[in-house]
Amino acid sequence: MNAAVTATRSATALDIAAIRRDFPILHQTVNGKPLVYLDNAASSQRPKSVIEAISRYYEHDHANVHRGVHTLSQRATDAYEGARETIRRFINARDTKEIVFVRGTTEAVNLVAQSFARPGFQAGDEILISALEHHANIVPWQLLRDQVGAVLKVIPINEAGEVDFVEFQKLIGPRTRLLALAHVSNALGTIVPVEKFIKVAKQHGVPVLLDGAQAIPHTAVDVQALGCDFYCFSSHKMLGPTGMGVLYGKRELLEAMPPWQGGGDMILSVTFEKTTFNQLPWKFEAGTPHIAGAIGLATAIDYLETIGMQRIAAYENELLEYATERLSALPGLRIVGTAADKAAVVSFTLDGIHPHDIGTILDTEGVAIRTGHHCAMPVMDFFRVPATARASMSFYNTREEIDRLVAALEHTRQVLG
Amino acid sequence: MDLKDLYRDVIVDHNRHPRNFGKLQPADVHADGHNPLCGDRLTMYANLKGEHITDVKFEGSGCAISVASASLLTEAVKGKTKSEIKELFDDVHTLLTQHDAVVDPARLGKLAALSGVREFPARVKCASLCWHTLNAALDRAAEPVTTE
């Protein structure tokens with residue numbers, strides 16, 4: 001993501017008008033005003049190519065995978081496994097065996113908690129997370145804590161919303177069994193410099209899980225360069241369908257883990273006495289999978305790669321800078337989360353106006369943002385706010401849309417002022 | 001969907017200058033209400049004389065709809081009996097949730113200003129939180145009566 005700064009010049013090459021034409025949903029009015037969609041951190045929109053790939057699959061190629069000898073089953077299997085290879089390449093994993101399809105980031109974290117951590121962790125073992133985490137990287141560890149008597153330790157954040165590296169070095173120790181860290185904060189946009197956390201974790205022999213849900217739509221991710229042991233992400237935040245996600249895990253770790261759900265597709269043979277489990281990655285994919293979801297995600301990746309992740313990061317960084325400048329100039333507006341390195345997310349409060357009212361009034365102006373605690377209630381507690389308003393940008397957003405946001409916020413002030 | 005239906009002058013006024021705001025000390029009954037979705041928190045306090053509410057106050061933080069609704073509630077319920085308050089709550093609930101509801105404006109008084117909320121389904125809970133919280137406080141007060 002540091003490439004964002006150096007690659008700024010090339011960002012001007014993005015043809016935003018052409019890109020916007022690829023996203024049918026953007027061309028509508030909401031409450032009589034042209035839609036301004038700034039809720040991309042909650043879920044992004046889909047380009048035509050993804051929608052059409054899913055339709056084409058259902059219209060021409062659908063059958064169950066890994067089952068039939070007939071043509072359609074073979075086509076479906078080829079497309080499904082082809083998607084796995086696209087994803088492997090996209091995150092630079094060594095082997096498609098390391099790409100496990102799941103429902104989303106949440107399921108990926110739960111899988112690691114229940115299949116990697118639960119069998120081996122003992123009472124008193126420590127799991128390190130940060131104060132930035134989304135509930136999806138908190139609650140699975142609390143469930144595990146209660147199951148095995150492990151201890152959950154939290155690396156604090158500072159007033160800018162950055163994870164405290166010095167405190168982290170004090171917290172990691174001989175009882176630490178896992179570091180589970182957000183790559184990018186969903187509530188604040190903070191880009192966590194995970195490389196240096198991973199380096200320290202490796203020195204202590206501690207495996208690392210990264211919650212990449214907010215990072216992967218906005219930056220090139222190379223799991224081998226990062227050196228993490230698990231990387232979790234969701235399709236729907238990166239232009240793909242909902243109900244689809246990926247757990248990347250190092251092969252030797254996945255091999256050693258027991259299956260976490262039993263059923264069809266995850267077995268080689270079953271008798272009432274004994275079942276032999278399938279190989280990786282299918283060992284973790286019980287039941288008929290979300291075949292269209294995998295195809296849609298692979299098509300989304302093709303689309304992202306056509307534009308280029310570096311150019312996306314650079315353009316989004318320009319939008320972030322512009323939005324930060326415009327919003328900061330509004331009287332009574334406080335930006336929550338001011339890390340030096342941020343993804344295109346601006347969380348904010350307006351003096352005397354509750355975020356919920358901001359969200360409603362903006363909606364009547366056609367502007368969609370998220371308001372609330374963003375599934376990160378500990379982050380809200382830290383900043384002593386019950387909720388924030390959050391504008392999150394994607395590469396199909398424009399400066400004009402940020403101007404619309406600012407105008408709608410001025411209107412909010414008039415309505416409730 | 002007109003914004004002015006939601007943020008009527010009465011609502012904006014009660015949000016900016018909430019009535020009966022603060023802690024009631026001592027209070028015969030009180031209860032906390034929390035809307036985890038938006039982070040609204042409020043506490044309702046009431047003093048009772050027999051079946052009558054003699055005083056009521058609230059404190060907390062929330063959106064304009066939840067603060068104004070709580071403020072309007074305190075004005076509406078003071079001096080009323082518990083059964084009258086239950087009837088009023090039913091009327092308010094109907095007003096907030098049923099699209100073609102006809103509720104006698106004479107019974108609702110200023111609470112009628114909340115009628116625009118039903119056009120914004122995501123905001124109904126904001127307006128009803130204070131009523132549920134007051135109910136919880138009053139039910140708690142009734143507990144010894146029912147259990148003994």
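Helices (H or I, at least four residues) and strands (E, at least two) are DSSP runs, numbered from the N terminus. By that rule, Trp141(A) belongs to helix α7 (residues 139–148) of chain A. This is a predicted model, in which local features need pLDDT of at least 70 and side-chain atom pairs count only at pLDDT 80 or more, while totals for chains, interfaces and linings use all residues. Residues are numbered from 1 along each chain as its sequence is written, and chains are lettered from A and ligands numbered from 1 in the order in which they are written.

**Surroundings of Trp141(A)**

- Trp141(A) is buried, with 24 other C-beta atoms within 10 Å; a residue counts as buried if 20 or more other C-beta atoms lie within 10 Å of its own, as exposed if 12 or fewer, and as partly exposed in between, with C-beta atoms placed from the backbone.
- Leaving out residues up to four places away in sequence, Trp141(A) touches Ala113(A), Ile127(A), Ile129(A), Leu152(A) and Ala180(A); contact requires that the C-beta atoms of two residues, placed from the backbone, lie within 7 Å.
- Leu280(A) is 139 residues from Trp141(A) along the chain, and 24 Å separate their C-alpha atoms.

**Domains of chain A**

- Chain A is assigned domain 1 (3–30 + 309–416) and domain 2 (51–305); the bounds come from an automatic or database domain assignment.
- Taken over C-alpha atoms, the centres of domain 1 and domain 2 of chain A are 28 Å apart.
- Between these domains, 22 residues of domain 1 of chain A are in contact with 21 residues of domain 2 of chain A.
- On the domain 1 side, the elements that give two or more residues are α13 (309–328), β14 and α15 (377–382) of chain A.
- Of these, α13(A) gives the most, with five residues.
- The domain 1 side has 14 nonpolar, five polar and three charged residues; Ala, Val, Leu, Ile, Met, Phe, Trp, Tyr, Cys and Pro count as nonpolar, Asp, Glu, Lys and Arg as charged, and the others, Gly among them, as polar.

**A four-stranded sheet in chain A**

- Strands of a sheet pair through backbone hydrogen bonds, either parallel or antiparallel.
- In chain A, four strands form an open sheet in the order β13-β14-β17-β16, with antiparallel pairing; two strands pair if DSSP finds at least two bridges between them.
- β13 (333–336) and β16 of chain A are at the edges with a single partner strand each, so one side of each has no neighbour in the sheet.
- From one strand to the next, the twist averages 30°; angles run from 0 to 180 degrees between N-to-C directions, and axes are lines fitted to C-alpha atoms, for helices over the stretch in contact.
- Strand β14 (residues 345–350) of chain A is joined to β17(A) by four bridges, and Phe348(A) has Ala389(A) as its bridge partner.
- Strand β16 (residues 370–372) of chain A is joined to β17(A) by three bridges; here Thr371(A) stands opposite Ala389(A), and Gly372(A) stands opposite Thr388(A).
- Strand β17 (residues 388–392) of chain A is mostly covered, with five of its five residues buried.
- From β17(A), Thr388(A), Arg390(A) and Ser392(A) point one way, while Ala389(A) and Ala391(A) point the other way.

**A hairpin in chain A**

- Strand β11 (residues 267–270) and strand β12 (residues 275–277) of chain A pair in the antiparallel sense over three bridges.
- The two strands form a hairpin with four residues between them, and Ser269(A) stands opposite Thr276(A) in β12(A).

**Chain B**

- Helix α2 (residues 9–16) and helix α3 (residues 64–77) of chain B pack at an angle of about 90°, with their axes 8 Å apart.
- That makes α2(B) roughly perpendicular to α3(B); angles under 35 degrees count as roughly parallel, over 145 as roughly antiparallel, 65 to 115 as roughly perpendicular and the rest as oblique.
- The contact involves residues including Ile11(B) and Val12(B) of α2(B) and Ile65(B) and Leu72(B) of α3(B).
- The residues of this contact are seven nonpolar, three polar and no charged.
- Towards the other chain, 16 residues of chain B are in contact with 14 residues of chain A.
- The side of chain B that touches chain A has 11 nonpolar, three polar and two charged residues.
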